[in-house]
Amino acid sequence: MPKVQGYNPLLIFVFVFVCSGIAAEVAGYTDVAKRIIDLAVFGAARNRSYTRLADFTDTIGTRVSGSNNLDMGIKYMYNAMVKDGLDVHLEPVKIPHWVRGKESAQMLLPRTKSLAVLGLGSSVGTPPEGIKAEVLVVQSFEELKQRASEATGKIVVFNQPFVSYGKTVAYRAFGASEAAKVGAVATLIRSITPFSINSPHTGWQNYQDGVRRIPTACITVEDAELMWRIAQRGQQIVVQLNMEAKTLPDVGSFNTVAEIRGWQHPNQVVVLSGHLDSWDVGQGAMDDGGGAMISWEALSLIKDLGLRPRRTLRTILWTAEEQGGVGAQQYFSLHKGNMSNFDLVMESDLGTFTPVALQFTGSDAARKVMEEVVKLLAPINVTKLEDNGEGTDISPWMKVGVPGASLHTADSRYFWFHHSEGDTMSVQDPGDMDLCSAAWAVVAYVVADLQDMLPR
């Protein structure tokens, strides 16, 4: 072999040989992948994940952390997966228990108008008589700092434009504490969404240590823009805000775990996951009932075909994700001593719309393997491997070097419904869920059955 300057020809040969070997091994699963896809998309399992999700969400409803509904949802899924013939157990954790209570907001000046409002998770409530105060409308944290002298004793309304969820969510998360630093008595925050039909969107918020805790809620895009326009005309705005929100002591809950045990390396695992909790509005069908259901459905498809991989397939339905991945963090703390046996961690939490790609975080060598694996999804046109597997619940594992994957779907409408009354079964499409289930099952099974674990 001629030597290329700067490269070791032997290493190049070994690299090419290994890659060709991996490609051949993965290609050997073409028929199995087709069987999984056919069962999910065209066969007896068609529409099953959608029907399961509809039955679950219509029966249980919303499942906010600490609620009786979440407890019922966990029991429902445990019993359903046991009945499905899977090996199921519950792992206890402690989770937050925040209660919304009654809430309302009304603009009193310059005219009377009811404001649609949703208190933010972990917010304190108002006094029993509520808070009646003049409003200061700002469009950024920078503007708030510039106008700090005007904020004392006022309700600060943030009318920040939606740039992206990752950037704009800072206003929901930190708006209350930033406003409290300059003397505000409450905050009303424009919902974190690019599209609105006068529906507020809730979510978790974080108080900063050492800063006075003030009530905080989201209002609609329309009402935030309305008050911004009124303020630009120099008119005084007065709002009455009433919130009964309170935080109770942490309560016990469970991560729900279902498995197909590996036949050769049962202690090595591939994790598929979604979170079972939701917010207390809508049905929690999209966020994240769909992700939970396809993670169950993937195991069902593999079981129905009589397949059993070398390694264990473990579906985990997380609890209290919406409060910052609380259940998943405790799972990580309990199992991190065994992290060398975690082959791949997968999470679906950005909707189960039409799948377009698999997102992946891992070593270059592992990426080469996954590039071959997604080729098996050619029958459903999901052969693209993108960077950055993501998910609140799997992030602790990825941070310590465990490969991670997430499903990229045609999610342009995801934040239209996210954390709002609009998150219902009407968002879901049975055909899309079949495709997501097929993709999830193929990737999980093949990785779990390969001769070697994914290289770190």
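This is a predicted model: local features need pLDDT of at least 70, side-chain atom pairs count only at pLDDT 80 or more; totals for chains, interfaces and linings use all residues.
Figure 1. Residues are numbered from 1 along each chain as its sequence is written, and side-chain values use heavy atoms, with hydrogens and water left out. A search of the whole structure finds one cavity of 30 Å³ or more, and the largest cavity has a volume of about 40 Å³, where a volume is the space filled by probe spheres set on grid points that are joined across faces, edges and corners. The residues lining the largest cavity are S278, W279, V281, G284, D287, E322, H419, S420 and D423. By class, this lining has two nonpolar, four polar and three charged residues, with Ala, Val, Leu, Ile, Met, Phe, Trp, Tyr, Cys and Pro counted as nonpolar, Asp, Glu, Lys and Arg as charged, and the others, Gly among them, as polar.

**Figure 2. The largest pocket.** A pocket, unlike a cavity, is an open set of points with protein on both sides within 12 Å along at least five of seven lines. The largest pocket has a volume of about 680 Å³, and of the 33 residues that line it, Y165, E321, E322, D349 and T392 are the closest to its centre. Two or more lining residues come from each of α6 (165-181), α9 (326-335), α11 (395-399), β16 (404-409) and α12 (414-417), these being DSSP runs numbered from the N terminus, with helices (H or I) of at least four residues and strands (E) of at least two. Helix α6 gives the most to the lining, with five residues, and by class the lining of the largest pocket has ten nonpolar, 14 polar and nine charged residues.

**Figure 3. H335 in helix α9.** H335 lies in helix α9 and is buried, because its relative accessible area is 18% and buried means under 20% (exposed is over 50%, partly exposed in between, with a 1.4 Å probe and protein chains only). Not counting residues up to four places away in sequence, H335 touches E91, F342 and W397, contact being heavy atoms within 4.5 Å.

**Figure 4. The largest nonpolar core.** A nonpolar core is a set of buried Ala, Val, Leu, Ile, Met, Phe, Trp, Tyr and Cys residues joined through side-chain atoms within 4.5 Å. The largest one has 76 residues, of which L313, L344, M346, L358, M370, I380 and V443 touch the most other members. Helix α13 (residues 430-449) gives the most to this core, with 14 residues. Apart from it lies another core of 30 residues, including I131, A224, W228 and M243.

**Figure 5. V26 in helix α1.** V26 is found in helix α1 (residues 9-27) and counts as buried because its relative accessibility is 2%. Leaving aside neighbours within four places in sequence, V26 is in contact with E372, V373, L376 and L450.

Terms used:
On a 1 Å grid over the protein atoms alone, a cavity is a set of points where a 1.4 Å probe fits but cannot get out, and a pocket is an open set with protein on both sides within 12 Å along at least five of seven lines; lining residues have an atom within 4 Å of a point.
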